[in-house]
Structures are given as C-alpha cells and as structure tokens.
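Reader: I've never read a protein model before. Could you walk me through one, step by step?
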Number of protein chains: 2
Amino acid sequence: MTSPEFLFDFGSPNAWLSHLVLPDIEARTGVKFSYQPVLLGGIFRATGNRSPAEAYANIRNKMAYEHLEMERFIRRHGVTRFRFNPYFPVNTLQLMRGAVAAQREDVFAPYVEAVFSAMWEHPRKMDDPEVFRAALTDAGLPVERLLQRAADQDVKDELLANTNQAVERGVFGIPSFFVGDELYFGKDRLRDVEEEILRRQNAGAGAAA
Amino acid sequence: MTSPEFLFDFGSPNAWLSHLVLPDIEARTGVKFSYQPVLLGGIFRATGNRSPAEAYANIRNKMAYEHLEMERFIRRHGVTRFRFNPYFPVNTLQLMRGAVAAQREDVFAPYVEAVFSAMWEHPRKMDDPEVFRAALTDAGLPVERLLQRAADQDVKDELLANTNQAVERGVFGIPSFFVGDELYFGKDRLRDVEEEILRRQNAGAGAAA
C-alpha cells in the first residue's frame, strides 16, 4: 500500500502530539507515515476556518472541553514531552519553508524533530529569526544551507502547492491524515487511521493470497 | 457504579445515531444509560454555541467532512434506521417538554423511541402540533395526558433546570455523555465512554476483591 500521509504545521500542538504517537502506529502496522509540510495559515485563508482558540473563544465550556480531551490524549499515550508554547500563536511561515528545504537537503527527519521540539517540548519563540537559527544550530543542522534553500522561489512555491493541494483534497485544519484518499482530521482520529491501515493490509493480503 | 448519562435532544441527528448504538454498549458492559432530556436551543443560548450546520456553513470542506464521519459511523455500526429530516431544523421545545412529561407518566422509553423515530427514521415535521400529536397516537401513547402534563409549569421548569445544570457541568452541545463526572461530547466519543465504563467496573471489582 502507499504510505499514509501526515499533513502537519509546526504551529499546531495537536500535530506535535500526533507526531509523538505515530511511531507506535508505525511499529504496530509496519508502515511509515509520509510527512507533508503545509501552511496552516494558508489552509485557514483558503477555507475560512480558524484555530480552536479563536473559533471557540466566546463559546462557554468549549475550550475547557478541548483541553480536557488534550489531557486525556496525553494520559492515554503516556506523553511526557509536551509544554504549551507561551509565545503561541507562532507564525510558522519560515519554519514550514524550512521543512521543504530540509526535504531537498536530506535532513527532513532531524529538522522536523528539532523544530517540533523547539515549539512544544522546550518551547521557544520560533518566529524570531535568531531564535529559529539558534534552534537549528543546537540540533547540528546545516543552518546556512537550509536558510538559503528556504528563500528559493521554488521552495516557497512547493509549500504553497502542498497547501493548496491539501485544500483541494478536503483538508480544513491540522493535523490531517490520509490513508489512500480517506481523510481523517484531528489527533483523536488516530485510532481510525490505524484501523483503516490494517483493513487495507488485510484486504491486500486477501487479494494476494 | 452510577448509571452513565446520555444527554439528548430529539433535534440532533447525532443523538439519534448514538441512541441506536447505546444498546450495544449496554449489552457489552451490563450497564443501562440514564437518558436526560435537555433543550439544545437552551444550551446554545447559554453557551453561545451554534449547530455545526450554522457554524460550519462558510468553512470550505468542513461540512463535507462532518458528513463523511457520519457515513463512517453509520457504516461501522451497521445503522439502517436513519434518514435525514427534510424539515431540519425542527423546533423541539414541545418534544422535549413531552419527554419530561413522559418520565412522570411512566412512558419515557416508548416516548423516546417514538419521537426519535419520527424525527430520524420516518421523518416528519414534528414541530407541527398536529403531526406531533399523530406520531404519539400512532405509537399508542396516551396523547392527551402527555400534552396536558407537558404544559404544566413544573414540567417546563424541570426541562429548564436539566438544561441549565448540563451547562453548569460543562456541556455545550448534544449528544453529551457523563460517566460519573467525566464529560464526553459527540457520537465519536462512544468508544471512550465505553472504555471509561469498563475501567470503572474493573477498578470497582479490584476494590471489592
């Protein structure tokens, strides 16, 4: 089967929580997720959607429930590496362009780990260029090459194309997941994502037998 | 353990879908859900929340995804008894007052079944008093007694009290569930509801041993 996809933006705490749990799903199913960098701000502009913090600000009980479900997720999965970023919301445009650059420079996995961690494990003000640069340096990443690549027009265009394509496929927020063409929104759908992967594996095994 | 609670309003299609699935959870866990009639319109007024149809009307992709998840739920649980009500949204004030009246007249379970069915199985325009009356008659319910009771001030007050109490406990929409004081919102939390019931049963068995 084709790799299931994880559409992410570093600005989403629920994307980070998903990222922490995906290795367990990968271990149980034997598949690897394909990480797709997209710009959440661009998705919001294209769809008219807003962050939960904005959309639910004036709805009594709703944000408290969001936090309750976040706590439940953390407890269920034994997450220890999470601290809310005090600078939230962080503008992630440079961080996401950097992710596309890191794909081209073959340092995508360590870049994703370093930037996500600097957002939600040891949170920093990552839309400050100096802070961003320092985080990459601390992680041993090739800072100058990455920043230079991130400024290339074709890198900017690719992030935009990823984002627009996601919206064309039905996405309206982050984290989103695709198993084939089946869209799942939100960290609380990860059980459904895993079941759909297993269902397809079983169907494939049946067809091959 | 105390009964888990199902807070419902007949106007919610997701409450009907939950109602269809609760017997399976009851069979697996051996518990009975306690059905609590509340007025969704009152919850919306108290919290500033709105229906998904209203809140997501101008968000691209969002309602399509809601429908996709509804279809997935229907497929997963083998639901055959569901048709969207062409008169939606239906004002449910009289229907919900009737539910409180039915509790007092000891015909609550058949009333719930009849009114839910007339909303989402064989959908009718249930905020038309004649249609409402006919649906109760067809179900063999004591129409006159119920309508008379439903007009009592203390029945009206009880529905209002149920609704306000729900909001005080953190509710902002329907369907909502409580296992003890743990709130779960939405039909897609029913797996979590079932797990929490089983967790408490196991904890209780451990304590008793």
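Reader: What share of the 209 residues in chain A is buried?

Author: A residue is buried if 20 or more other C-beta atoms, placed from the backbone, lie within 10 Å of its own, exposed if 12 or fewer, and partly exposed in between. Here, buried residues make up 34% of chain A. Before we go on: this is a predicted model, where local features need pLDDT of at least 70 and side-chain atom pairs count only at pLDDT 80 or more, while totals for chains, interfaces and linings use all residues. Residues are numbered from 1 along each chain as its sequence is written, and chains are lettered from A and ligands numbered from 1 in the order in which they are written.

Reader: What does the radius of gyration say about chain A?

Author: It's taken over C-alpha atoms, and the globule rule is 2.2 Å times the number of residues to the power 0.38. For 209 residues, a compact globule would come out near 17 Å, and chain A agrees because its own value is 17 Å. The C-alpha trace of chain A spans about 55 × 45 × 35 Å along its principal axes.

Reader: How is chain A laid on chain B?

Author: Two copies of a chain are related by a rotation about an axis and a shift along it. Copies are superposed by least squares on the C-alpha atoms of residues with pLDDT of at least 70 in both. Chain A goes onto chain B with an RMSD of 0.0 Å, by a turn of 180° and a shift of 0.0 Å along the axis. That's the relation of a two-fold axis. The same surface serves both copies, as 100% of the contact residues of chain A recur in chain B.

Reader: How many residues does each chain bring to the contact?

Author: Two residues are in contact if their C-beta atoms, placed from the backbone, lie within 7 Å. Chain A gives 17 residues and chain B gives 17 residues. On the side of chain A, the elements giving two or more residues are helix 2 (40–47), helix 4 (62–76) and strand 4 (182–185). Helix 4 of chain A has the largest share, three residues. By class, that side has nine nonpolar, six polar and two charged residues; Ala, Val, Leu, Ile, Met, Phe, Trp, Tyr, Cys and Pro count as nonpolar, Asp, Glu, Lys and Arg as charged, and the others, Gly among them, as polar.

Reader: At what angle do helix 5 and helix 6 of chain A cross?

Author: Axes are lines fitted to C-alpha atoms, for helices over the stretch in contact, and angles run from 0 to 180 degrees between N-to-C directions. Angles under 35 degrees count as roughly parallel, over 145 as roughly antiparallel, 65 to 115 as roughly perpendicular and the rest as oblique. The axes of helix 5 (residues 93–104) and helix 6 (residues 108–120) of chain A come within 8 Å and cross at roughly 160°, so these two helices are roughly antiparallel. Among the residues making this contact are A:Leu95 and A:Ala99 of helix 5 and A:Phe108 and A:Val112 of helix 6.

Reader: Is A:Pro123 partly exposed or buried?

Author: A:Pro123 counts as partly exposed because it has 18 C-beta neighbours inside 10 Å. You'll find A:Pro123 in the loop between helix 6 and helix 7 (129–138) of chain A.

Notes
Helices (H or I, at least four residues) and strands (E, at least two) are DSSP runs, numbered from the N terminus.
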